[in-house]
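I opened this entry to record what I looked up on strand pairing. The sequence and the structure are placed below for reference.

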Amino acid sequence: MLALVKTAPGKGNIELREVPKPKPGPGQVLVEIKYAGICGSDLHIQEGDIQLNLRPPVVMGHEFSGLVAELGEGVTKYQIGQPVVSETAFYTCGSCIACNTGNDNVCEHKALIGFVYPGVFTEYVLLWEKRMHPIPENVSLLSAVMSEPVASSVRGVYEQIHITPADVVVVAGPGGMGLICVQLAKAAGAYVLVSGVPDDGRRMEMALTLGADRTVDVVHEDLKGILYGLTNNEGADVYIECSGAPASARTGLEVTRRRGQYLQLGLAGAPFEIDFAKIAYKEIAVYGTLGQKWTAWERTMKLLASGQVVTEPLITDILPLTEWEKAFAKFRAKDGIKVVMTPVKG
Ligand SMILES: [Zn+2]
Ligand SMILES: [Zn+2]
């Protein structure tokens with residue numbers, strides 16, 4: 001089957017190759033990919049600056065939706081043809097402090113599909129039954145392709161920080177994750193302000209369509225002044241950093257109120273300088289978040305089923321896998337919000 005493979009570490013080294021179709025072992029399920037989404041982390045793999053465990057040569061891609069194609073021995077929860085998604089982790093050690101406390105999303109030895117194990121930019125992927133989740137009946141396969149970024153956002157916004165209806169929440173960076181966080185913060189009842197830069201244009205409009213109360217272009221408008229106006233000069237209750245841009249992280253510590261919450265969802269490619277003392281002076285609660293736990297996936301499927309989170313409006317482009325270069329370039333140029341690929345028969 002035709003697959004997009006990261007062939008070696010470093011910049012580039014990505015090509016379409018024929019790879020063998022896998023066979024499910026005990027507890028495993030073979031899933032036929034219907035849609036596969038390009039993630040910011042795929043661009044970092046292309047750039048060669050990804051900070052997660054990567055083991056080339058490996059089939060790339062981890063965001064997908066598909067249909068059950070073949071069941072391994074002992075699999076009872078799924079039927080052939082059933083629409084499914086899966087967690088990204090393929091292996092966690094089961095014995096470290098993270099695993100033992102139910103937080104295997106931060107297992108030191110965690111290995112993901114699309115990074116260490118074969119991913120979804122191809123026709124079929126091998127998955128573990130215990131890490132899969134059924135797609136609810138009223139949720140389309142196309143909507144479900146974004147389950148993974150929704151689950152990551154749910155992990156951060158609902159499991160790491162706490163939002164109340166009295167809060168003013170800044171979502172910094174209206175990319176795919178940002179536009180999901182907007183919906184999560186709105187569902188929690190908060191006032192939601194989305195900050196971005198001038199070339200976010202189309203994404204800023206989408207933020208308003210999805211319920212954001214206001215957008216702020218940080219280049220031409222005074223974010224801090226606007227927030228002070230909204231909060232009696234206190235600052236944002238919650239700052240959700242989704243862009244991974246150093247300037248946005250610095251702004252976040254600047255505009256978050258004393259004893260406010262700061263959540264880092266975006267991934268910066270490289271270390272950067274930040275005024276760490278602000279965290280002490282203002283007693284800001286700073287949270288990181290990485291990947292998703294089973295609980296976040298279950299919540300995600302419920303939020304998609306209830307319509308409290310919608311993803312189809314975020315999917316701007318669907319291209320065949322053979323046009324992966326164009327698809328990656330479109331996503332990198334912020335030409336689309338979520339760019340999705342469909343498998344091509346080899
Ligand atoms: Zn992703
Ligand atoms: Zn572990």
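Which order do the strands of the open sheet of three have, and is the pairing parallel or antiparallel? The model I consulted is a predicted one. I found the order S2-S1-S4, with antiparallel pairing.

I next asked why one side of strand S2 and of strand S4 is left without a neighbour in the sheet. Strand S2 (14-18) and strand S4 (58-59) stand at the edges, and each has a single partner strand, so one side of each lacks a neighbour there.

I then looked up the contact between S1 and S2. Strand S1 (residues 2-6) is joined to S2 by five bridges, and the two run antiparallel. For Lys6, I noted Ile14 in S2 as the bridge partner.

I turned to strand S14. Is S14 mostly covered or mostly open? I recorded S14 (residues 236-241) as mostly covered, since six of its six residues are buried, each with 20 or more other C-beta atoms within 10 Å of its own.

Strand S11 (residues 168-172) pairs with S14 in the parallel sense over four bridges. In this pairing, Val238 of S14 has Val169 opposite. Strand S15 (residues 256-264) also pairs with S14 in the parallel sense, over five bridges. Here I noted Tyr239 opposite Tyr262 in S15.

Notes: Residues numbered from 1 in each chain as written. Chains lettered and ligands numbered in written order. Predicted model: local features only at pLDDT ≥ 70, side-chain atom pairs only at ≥ 80, totals over all residues. Buried ≥ 20, exposed ≤ 12 C-beta atoms within 10 Å, placed from the backbone. Pairing = 2+ DSSP bridges.
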